[in-house]
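Thanks for coming. I would like to take a few minutes on one structure, so please have a look at it first.

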Amino acid sequence: MMSSLPRVRIADAGKHAGESIEIAGWLYNLRRSGKIIFPLIRDGSGTLPETLFEELRNLTQESSLLVRGKVRAEARAPGGYELDIESAQVLQRVGEEQPYPITPKDHGTEFLFDHRHLHLRSRRPHAILGIRHEVIKAIRDYFDSNGFTLVDTPIFTPAACEGTTTLFEVDYFDEEKVYLTQSGQLYNEATAMAFGKVYTFGPTFRAEKSKTRRHLTEFWMVEPEMAFATLDDVKQTAEELICFMTRRVLANRQEELQVLERDVARLESIQPPFPRISYDDAVKILQAKGSEIQWGGDFGGTDETLLSEEFDRPVMVDRFPAQIKAFYFQPDELRPELALGVDVIASEGYGEIVGGGQRIHDYNLLVQKMKEHNLPEEPYNWYLDLRRFGSVPHAGFGMGVERAVAWMCGIEHIRETIAFPRMLYRTRP
Ligand code: 4AD
Ligand code: MG
């Protein structure tokens with residue numbers, strides 16, 4: 001395996017034009033044209049064609065190998081370079097009797113998700129997960145450079161954040177039951193009082209029986225929380241975050257967007273300011289467009305899609321009826337039946353990507369709301385402490401990473417945006 005040649009990632013091959021290098025990878029494709037063969041090698045960073053190498057003639061797809069040779073600029077090659085192979089060494093040959101199961105033919109969604117552990121090597125999932133990486137990096141960079149401290153919150157939790165109907169229950173040693181977290185928000189409220197501005201970024205779980213293109217049972221959420229902040233600060237921060245993330249994807253992931261045939265003009269129009277409307281107005285717009293929604297009802301997926309058709313960029317909807325929202329929302333001063341919350345509805349029918357708002361900071365009001373929601377006081381006693389000891393107005397939000405990635409990619413279903421999706425009917429591989 002040892003070679004004196006420098007081991008180079010395919011993404012960096014262009015920096016070595018005219019030099020001899022070594023590539024370690026897998027055989028992605030072998031095209032034959034008369035006597036000439038064109039192996040295409042991938043190494044996780046890119047693909048590189050080589051020419052005229054007899055020993056590779058019968059090599060099977062996804063066999064692993066080392067190849068050594070000289071990098072040559074070739075305008076017609078994908079990536080702009082080819083390798084003139086001088087020698088090759090097969091590390092593991094995929095057997096003829098059990099060939100690599102994924103071929104260029106159409107396989108169908110179920111087959112591909114059953115073979116997700118292998119399918120990840122293909123161009124499309126590779127492009128989508130590259131964009132996911134960019135989205136996550138952009139989110140972190142945005143918060144890190146705007147004074148937020150990352151504080152990770154627990155996954156085993158004794159109490160619900162977003163209502164008890166979507167909790168996954170876990171046996172926790174002797175008699176105790178705990179739940180997988182639906183949101184880090186309640187803990188964020190504590191850490192925001194310690195650090196001023198915080199964010200948590202991790203997996204969250206919802207036992208939602210909805211089998212839609214927008215729902216996973218395990219998804220990643222980024223949740224900022226700010227002390228001395230109001231609903232308007234949430235809108236401002238969410239708008240900046242979304243625009244920053246989109247600019248990053250456009251700047252760094254053109255190749256991936258091209259693989260996905262993304263209409264980048266739609267991404268380019270994600271610019272501030274986003275339109276801001278009230279729930280009242282949103283209901284009127286929806287009714288005029290033929291939706292069945294009545295004032296007091298929650299938006300369905302179809303309503304979110306209808307609403308997004310009215311705008312060329314995301315739209316912010318605020319002041320929802322408190323009765324359809326979680327217990328912790330600060331009521332509107334003039335119309336206490338409304339919650340000071342906001343949903344950001346993505347453009348192009350990608351649905352709600354951000355939900356958040358201002359939290360109740362008054363002790364008595366919070367106790368009253370918890371009673372109305374039939375929540376036991378004991379598991380939330382520590383949360384009430386935050387209102388006993390130096391309570392201040394505070395606010396925050398959560399953005400679902402998979403929905404954001406699906407939107408950036410312009411793909412139909414959220415299941416493709418995570419390496420191993422967990423859904424109502426899928427927990428494998
Ligand atoms: O609107 P949600 O339920 O808000 C919260 O959990 C708040 N506690 C967040 C906060 O204020 N810190 O969820 C926030 C976002 C949604 O807008 C959506 O993008 C995403 O999380 N989300 C899901 N994504 C994929 N699959 C699901 N089942 C999702 N449920 C919510
Ligand atoms: Mg929501």
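First, how to read it. This is a predicted model in which local features need pLDDT of at least 70 and side-chain atom pairs count only at pLDDT 80 or more, while totals for chains, interfaces and linings use all residues. Residues are numbered from 1 along each chain as its sequence is written, chains are lettered from A and ligands numbered from 1 in the order in which they are written, and side-chain values use heavy atoms, with hydrogens and water left out.

Let me start with the ligand. How many residues surround ligand 1? There are 25, and the closest are Glu-162, Gln-185, Glu-208, Glu-223 and Glu-352; a residue is near a molecule if one of its heavy atoms lies within 4 Å of it. Next come the polar contacts, meaning pairs of N or O atoms within 3.5 Å; within protein, one must be able to donate a hydrogen and the other to accept it, and residues adjacent in sequence count only if both atoms are side-chain atoms. Two of these contacts use the backbone: an N or O atom of Leu-216 is 2.9 Å from a nitrogen atom of ligand 1, and an N or O atom of Ile-353 is 2.9 Å from an oxygen atom of ligand 1. From a side chain, an N or O atom of Arg-359 lies 2.9 Å from a ligand 1 oxygen.

Arg-359 also takes part in a salt bridge, with Glu-225, at 2.8 Å from N to O. A salt bridge here is a side-chain nitrogen of Lys or Arg within 4 Å of a carboxyl oxygen of Asp or Glu. Glu-225 belongs to strand E11 (residues 218-227) and Arg-359 to the loop between strand E15 (352-358) and helix H10 (363-372), so this pair ties together parts 134 residues apart in sequence. For the element names, helices (H or I, at least four residues) and strands (E, at least two) are DSSP runs, numbered from the N terminus. Are these two partners buried or exposed? Glu-225 is buried at 1% relative accessibility, and Arg-359 is buried at 2%. The cut-offs are under 20% relative accessible area for buried, over 50% for exposed, and partly exposed in between, with a 1.4 Å probe and protein chains only.

By that rule, the structure has 37 salt bridges. One of them joins Arg-42 to Glu-62, with the closest N and O atoms 2.7 Å apart. Arg-42 is in strand E2 (residues 36-42) and Glu-62 in the loop between strand E3 (47-51) and strand E4 (64-73), 20 residues apart. Arg-42 counts as buried at 8%, as does Glu-62 at 3%.

Arg-72 and Glu-74 form another, at 3.6 Å between the closest N and O atoms. Here Arg-72 is partly exposed at 29%, whereas Glu-74 is buried at 14%.

Now the aromatic rings. The whole structure holds 17 aromatic pairs. Rings of Phe, Tyr and Trp (its six-membered ring) pair if their centres lie within 6.5 Å; planes under 30 degrees apart count as stacked, over 60 as edge-to-face and the rest as tilted. Why does the pair of Phe-143 and Tyr-199 count as stacked? Because their centres are 5.0 Å apart and their planes are at 25 degrees. Phe-143 sits in helix H3 (residues 123-144) and Tyr-199 in strand E10 (residues 197-205), so the pair ties together parts 56 residues apart in sequence. Phe-143 is buried at 0%, and Tyr-199 is buried at 1%.

Tyr-279 and Phe-320 make a tilted pair, 5.4 Å centre to centre with 45 degrees between the planes. Tyr-279 is in helix H8 (residues 279-288) and Phe-320 in strand E13 (residues 315-321), so this pair ties together parts 41 residues apart in sequence. Tyr-279 is buried at 0%, and so is Phe-320 at 0%.

Phe-320 has a charge over its face as well: Lys-325, at 4.2 Å from the ring centre. The rule is NZ of Lys or CZ of Arg within 6 Å of the ring centre and within 35 degrees of the ring normal. The charged end of Arg-387 likewise sits over the ring of Tyr-383, 4.2 Å from its centre. Tyr-383 is in turn part of one aromatic cluster with Tyr-187, Phe-327, Tyr-328, Phe-329, Tyr-380 and Trp-382.

Last, the sheet. Three strands form an open antiparallel sheet in the order E7-E9-E8, where two strands pair if DSSP finds at least two bridges between them. Strand E7 (156-157) and strand E8 (169-172) are at the edges with a single partner strand each, so one side of each is left without a neighbour in the sheet. E7 pairs with strand E9 (residues 176-180) over 2 bridges, and the bridge partner of Phe-156 in E9 is Leu-180.
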